[in-house]
Amino acid sequence: MPETPESGTVLAFDFGEKRIGVAVGELALGVAHPLTTLAVSRKQARFDAIAALVAEWQPALFVVGLPYHLDGGEHPFAARCRRFARQLEGRFHRPAVMVDERLTSVAAEEDRRTAGGLAATTDALAASHILQRFFDDYRARAA
């Protein structure tokens, strides 16, 4: 696992082939916020959109959701997510951390149902749950 910086902005991704949910937060605060959903399937357009977010937010770290089955077995899509994380590191020269994303989409759907008028998409909400899981684990390790 790459070394986690002590401070700075974090961008988190709920990676999918058609859409990528994005969330943002600060290591010092440990609170995740849904940011946007990138609805681009072409690789170059996807990384152009991410480059714009990197330029705007100047993250110190990336977090990428890693899919597992409920029984703990790794989902076949996990290899694609790991590749995406490596591509982020290679293109933007920042570390990427993988986080178990089990049930984050379920939690995101529940958020949308219970918070009427919520503007964020399910994908961005799932990314915020992934990032919040990272922050909670990060604080637990630091304690």
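Good morning, everyone. One caution before we start: this model is predicted. Let's begin with charges that pair up.

How many salt bridges does the structure hold? The count is two. Take R80 and E17. Their side chains meet in a salt bridge, at 2.5 Å from N to O. Where do these two residues sit? R80 is in helix α2, which covers residues 78-92. E17 is in the loop between β1 (9-14) and β2 (20-26). The two are 63 residues apart, so this pair links distant parts of the chain. How much of each residue is open? R80 has 27% relative accessibility, so it counts as partly exposed. E17 has 45%, and it also counts as partly exposed.

D123 and R19 meet through their side chains, in a salt bridge of 2.7 Å, N to O. Is D123 buried or exposed? D123 counts as buried, because its relative accessibility is 13%. The cut-off for buried is under 20%. R19 is at 43%, so R19 counts as partly exposed.

Let's stay with helix α4. This helix spans residues 122-142, and S128 lies in it. S128 is at 9% relative accessibility, so it counts as buried. What does S128 touch, leaving out residues up to four places away in sequence? The answer is A23, A32, H33 and P34.

Look at A39. You will find A39 in the loop between β3 (31-38) and α1. A39 counts as exposed, because its relative accessibility is 60%. The cut-off there is over 50%. Which residues does A39 touch, again leaving out those up to four places away in sequence? They are K18 and R19. As for K18, its C-alpha atom is 6.1 Å from that of A39. Along the chain, K18 and A39 are 21 residues apart.

Which residues form the positive surface patch? K43, R83, R86 and R91 do. Helix α2 gives the most to this patch, with three residues. One member to look at is R91, which lies in helix α2. At 38% relative accessibility, R91 counts as partly exposed.

Last topic: the backbone. Most residues other than glycine have a negative phi. Two residues here go the other way. Q58 has a positive phi, near 50 degrees, and it is not a glycine. Where is Q58? Find it in the loop between α1 (43-57) and β4 (61-66). H93 is not a glycine either, and its phi is positive too, near 55 degrees. H93 sits in the loop between α2 and β5 (96-100). Is H93 buried or exposed? H93 is at 69% relative accessibility, so it counts as exposed.

S128 in helix α4 counts as buried. Q58 and H93 have positive phi values. Thank you.

Key: Residues are numbered from 1 along each chain as its sequence is written. This is a predicted model: local features need pLDDT of at least 70, side-chain atom pairs count only at pLDDT 80 or more; totals for chains, interfaces and linings use all residues. Side-chain values use heavy atoms; hydrogens and water are left out. Helices (H or I, at least four residues) and strands (E, at least two) are DSSP runs, numbered from the N terminus. Buried means under 20% relative accessible area, exposed over 50%, partly exposed in between (1.4 Å probe, protein chains only). Contact means heavy atoms within 4.5 Å. A salt bridge is a side-chain nitrogen of Lys or Arg within 4 Å of a carboxyl oxygen of Asp or Glu. Patches are made of residues with over 30% relative accessible area and no salt bridge: like charges are joined within 9 Å, nonpolar side chains (Val, Leu, Ile, Met, Phe, Trp, Tyr) within 5 Å. Accessible areas come from the Shrake-Rupley method with a 1.4 Å probe; for residues, only the protein chains shown count as cover. Lys and Arg count as positive and Asp and Glu as negative; His and the chain ends are not counted. The place of a charge is taken as NZ of Lys, CZ of Arg, CG of Asp or CD of Glu.
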